[in-house]
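Reader: I am new to this structure. Could you walk me through how to read it, one feature at a time?

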Amino acid sequence: MAFLDRSQIVRTADRTPLAHGKELMVGVLLAALIATLAIRNLVPADALAPAIVTLLFVVGAATAGAAWLCQAGRFRIMWLDLAASLTFIGVVISVLIEPDQMVRLFTLSDQPE
């Protein structure tokens with residue numbers, strides 16, 4: 001009964017420090033929320049959703065860049081997961097943007113609002 005022989009099981013006493021992925025994700029999303037609240041008064045209401053999406057894409061790209069600079073494989077995967085999550089959230093929010101909203105952002109109009 002070789003499968004009952006538990007002498008082969010070795011427990012490692014020295015565990016690597018845990019990656020704080022959840023705390024990092026909450027921190028980045030909280031920072032994005034604070035930035036959204038800050039730019040809410042600076043941009044028109046029609047431009048708020050595209051500004052948020054752009055902010056999420058920029059933060060996701062910066063996070064992916066930080067991941068490629070990170071040397072530890074485990075931490076790199078965590079940073080890449082965070083960048084992918086931010087990009088996914090940006091894509092989901094961009095679905096909510098109406099096409100005429102984007103047209104109004106890029107065309108100049110002489111008509112009063």
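Author: Gladly! The buried residues of α2 are Ala47, Pro50, Ile52, Val53, Leu56, Gly60, Thr63 and Ala67. Keep in mind as we go that this is a predicted model.

Reader: How many residues does α2 have, and what is its reach from first C-alpha to last?

Author: Helix α2 has 25 residues, and its first and last C-alpha atoms are 37 Å apart. That is close to the 36 Å expected at 1.5 Å a residue.

Reader: Let me pick one residue from that list. Why does Thr63 count as buried?

Author: The general idea is a cut-off: a residue is called buried when its relative accessible area is under 20%. Thr63, which lies in helix α2, has a relative accessible area of 6%, so Thr63 is buried.

Reader: Which residues is Thr63 in contact with, leaving aside its neighbours within four places in sequence?

Author: Thr63 is in contact with Trp79, Leu82, Ala83 and Leu86 once those neighbours are set aside.

Reader: Staying with α1, is Thr36 buried or exposed?

Author: Thr36, placed in helix α1, counts as buried because its relative accessibility is 15%. Leaving aside neighbours within four places in sequence, Thr36 is in contact with Leu48, Ile52 and Leu55. Ile52 also belongs to the largest nonpolar core.

Reader: And what does the surface look like? Which residues form a nonpolar patch there?

Author: Leu30, Leu33, Ile34 and Leu37 form a nonpolar patch on the surface, and together they have about 380 Å² of accessible area. Take Leu33 as an example: its place is in helix α1 (residues 21–39). Leu33 counts as partly exposed because its relative accessibility is 46%, and partly exposed covers the range between the buried limit of 20% and the exposed limit of 50%.

Reader: Now for α3. How far apart are the C-alpha atoms of Gly90 and Thr54?

Author: Those C-alpha atoms are separated by 7.6 Å, while the two residues are 36 apart along the chain. Gly90 lies in helix α3 and is buried, with a relative accessible area of 0%. Not counting residues up to four places away in sequence, Gly90 touches Val53, Leu56 and Phe57.

Reader: Can we step back now? What is the secondary structure of the protein chain?

Author: The protein chain comes to four helices and zero strands, and along the sequence the pattern reads α-α-α-α. Of its 113 residues, 18% count as buried.

Reader: What share of the contacts joins residues at least 24 apart?

Author: Among contacts between residues at least 6 apart in sequence, 66% join residues at least 24 apart.

Note on methods. Residues are numbered from 1 along each chain as its sequence is written. This is a predicted model: local features need pLDDT of at least 70, side-chain atom pairs count only at pLDDT 80 or more; totals for chains, interfaces and linings use all residues. Side-chain values use heavy atoms; hydrogens and water are left out. Patches are made of residues with over 30% relative accessible area and no salt bridge: like charges are joined within 9 Å, nonpolar side chains (Val, Leu, Ile, Met, Phe, Trp, Tyr) within 5 Å. Accessible areas come from the Shrake-Rupley method with a 1.4 Å probe; for residues, only the protein chains shown count as cover. A salt bridge is a side-chain nitrogen of Lys or Arg within 4 Å of a carboxyl oxygen of Asp or Glu. Helices (H or I, at least four residues) and strands (E, at least two) are DSSP runs, numbered from the N terminus. Buried means under 20% relative accessible area, exposed over 50%, partly exposed in between (1.4 Å probe, protein chains only). A nonpolar core is a set of buried Ala, Val, Leu, Ile, Met, Phe, Trp, Tyr and Cys residues joined through side-chain atoms within 4.5 Å. Contact means heavy atoms within 4.5 Å. The expected span of a helix is 1.5 Å times one less than its number of residues.
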